[in-house]
Amino acid sequence: MSNPSILILPGDGIGPEVMAEVRKVIDWYGAKRDLAFDVSEDLVGGAAYDKHGVPLADETMAKAQEVDAVLLGAVGGPKYDVLDFSVKPERGLLRLRKEMDLFANLRPAQCFDALADFSSLKKEVVAGLDIMIVRELTSGVYFGEPRGIFEEGNERVGINTQRYTESEIERAARAAFELAMKRNKKLCSMEKANVMESGILWREVVTRVGEEYPEVELSHMYADNGAMQLVRAPKQFDVIVTDNLFGDILSDCAAMLTGSLGMLPSASLGAPMANGRPKAMYEPVHGSAPDIAGQGKANPIACILSFAMALRYSFDQGDEATRLETAIEKVLADGVRTADLMGPEGGTPVSTSEMGDKIIEA
Ligand code: ATP
Ligand code: MG
C-alpha cells in the first residue's frame, strides 16, 4: 500500500514559517515512527497570484482533490489589498472549500493548563477545557437566495436568506455525531427554533439523525443561551453542532476562552472519498499576521495542532495525535513561550523554529 498523501499549501505571511515546523514534525514521523507520508507542496493565495496571476491554479485544485489531506498555512497580506476581488488571496481558500465541498468545520477550544491564566475568564472556569464546535460551512444565511441590496419604494433594502435543506442539516449532524462517538458521547445542538423556521427543521433533523446514535447524549439549546453558557460554564459542553452563522460567532467566542490565536487549529471535512477517508483540509485559525511575518516570531503551535487533527481525522492515528498534543503541553508546562504567549511577567521568547525543535524533542 502507498503512503498516505498530504498536500502542503504554506500560503502567505507567517504561513510558510509555521508550516516549516509542521514539515519537521511530519519528517520526524517518517524517521522515528515508521509513519511516512507522501508530501507535496504548492502555492496558494498571494504566493500563487505572484506566480500564476490567480490565487489558486487549476493544477493545484486538482491535486487537492486527490490527496488524503490538505494542510494550509494562511493567505493574504497588505501587498494584495489593491487586487480585484476575483483574484484576492482569500478567493483561493474559498475555492478550495467550495470545490472540495467541505461542509463541516471543526474548531476545538482546548485550554492547556500552562496557559489557563491567558483566558479572559477565571482560571477555574477554563482550566482543563476541551470542547469542539462543529460549524456547518457551505450553506445557511451566507449563501441563501434571494440576497442583495434592492430598491424598495424610496429606499434600499439589504436581504440575506437563511436557508437549509434537510440533507445539508443531516450531513453536518452526522459529522457531529461521528465526532461525539470518538469523544465523550455528548452533543449539544444550537439553533433558534423559537423564532426561525430553519431552526425548527434543524432541531427536527438533528433529533432524527440522533436516533442512529443512541449512545450519544443529545441536547438542544437556543444559540443565544448557548453563547451565554459558553462564557459562563464552558466545561458543561463536549461537542457542539450549529449552523454557519451561529457557528461563526460561537466558535470565535469559544476560541477566546483559551487565550491566544497562535494556539488554535481547525479542520474542514467533506464527504468520504473512495478510500473511506473524508475530504479534508486542516489549517490554523489565525491569518497571515503580516505584522510579524518574516521575523521568526510566529507561534507554530496552531499549525502543528492542525496536523495533529489530520493524524486523528484523516489518518486514523488518534494515539499519535494525543502524543503530539501531550508533547506540546509538556513544552508549555516547561515554560517555553513564543512572544505571543508571554505574560506580563516577561521573559525571553523562543523563535518559531526553536518552538518546533522543542516540540520534537518532547
Ligand atoms: P485574517 O483576516 O487572515 O483572519 P486577521 O487580521 O484576522 O487575519 P491574523 O493574521 O490572524 O489576523 O493576526 C491577528 C493578530 O494576531 C496579529 O497581531 C498577529 O500578529 C497575531 N497572530 C496571529 N497568528 C499568530 C501566530 N501564529 N503567532 C503569533 N501571533 C499571531
Ligand atoms: Mg480574521
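This is a predicted model: local features need pLDDT of at least 70, side-chain atom pairs count only at pLDDT 80 or more; totals for chains, interfaces and linings use all residues.
Residues are numbered from 1 along each chain as its sequence is written, while chains are lettered from A and ligands numbered from 1 in the order in which they are written.

View 1. Over residues 5–359 the chain is 40% helix and 22% strand, with the end C-alpha atoms 23 Å apart; helices (H or I, at least four residues) and strands (E, at least two) are DSSP runs, numbered from the N terminus. An open sheet of mixed pairing is formed by 10 strands in the order β2-β1-β3-β12-β11-β4-β5-β10-β8-β9, where two strands pair if DSSP finds at least two bridges between them. At the edges stand β2 and β9 (217–222), each with a single partner strand, so one side of each is left without a neighbour in the sheet. From one strand to the next, the twist averages 20°, with axes taken as lines fitted to C-alpha atoms (for helices over the stretch in contact) and angles running from 0 to 180 degrees between N-to-C directions.

**View 2. Strand β1 between its two parallel partners.** Strand β1 (residues 5–11) has six of its seven residues buried, so it is largely enclosed by the rest of the structure; a residue is buried if 20 or more other C-beta atoms lie within 10 Å of its own, exposed if 12 or fewer, and partly exposed in between, with C-beta atoms placed from the backbone. Strand β2 (residues 38–41) runs parallel to β1 and is joined to it by four bridges, and here Ile6 stands opposite Val39. Strand β3 (residues 69–74) is also parallel to β1, with five bridges between the two, and Leu72 in β3 is the bridge partner of Leu9. Together with helix α1 (residues 15–32), β1 and β2 make a right-handed β-α-β unit, a crossover being right-handed if, with the strands pointing away from the viewer, the path from the first strand over the helix to the second runs clockwise.

**View 3. Val239 and the pairing of β8 with β10.** Strands β8 and β10 (residues 239–242) run parallel and are joined by four bridges, with Leu187 standing opposite Val239. Because Val239 has 26 C-beta neighbours inside 10 Å, it counts as buried. Val239 and Met132 are 107 residues apart in sequence, but their C-alpha atoms are 4.8 Å apart in space.

**View 4. The hairpin of β6 and β7.** Six bridges join β6 to β7 in an antiparallel pairing, and Glu152 stands opposite Glu155 in β7. The hairpin has two residues between the strands, and Gly153 takes a positive phi near 65° there. Strand β7 (residues 155–161) is hardly covered, since the count of buried residues among its seven residues is zero. In strand β6 (residues 144–152) lies Pro146, which a cis peptide bond, with omega about 0°, joins to Glu145.

**View 5. Two loop residues with positive phi.** Lys185, found in the loop between α6 (166–182) and β8 (186–191), has a positive phi of about 55° although it is not a glycine. With 15 C-beta neighbours inside 10 Å, Lys185 counts as partly exposed. Asp316, which is not a glycine either, has a positive phi of about 55°, and its place is in the loop between α10 (301–313) and α11 (318–333). Asp316 counts as partly exposed because it has 13 C-beta neighbours inside 10 Å.

**View 6. The surroundings of ligand 1.** Ligand 1 is surrounded by 15 residues, of which the closest are Gly262, His286, Gly287, Ala289 and Asn299; a residue is near a molecule if its C-beta atom, placed from the backbone, lies within 6 Å of it. This shell divides into seven nonpolar, six polar and two charged residues, where Ala, Val, Leu, Ile, Met, Phe, Trp, Tyr, Cys and Pro count as nonpolar, Asp, Glu, Lys and Arg as charged, and the others, Gly among them, as polar.
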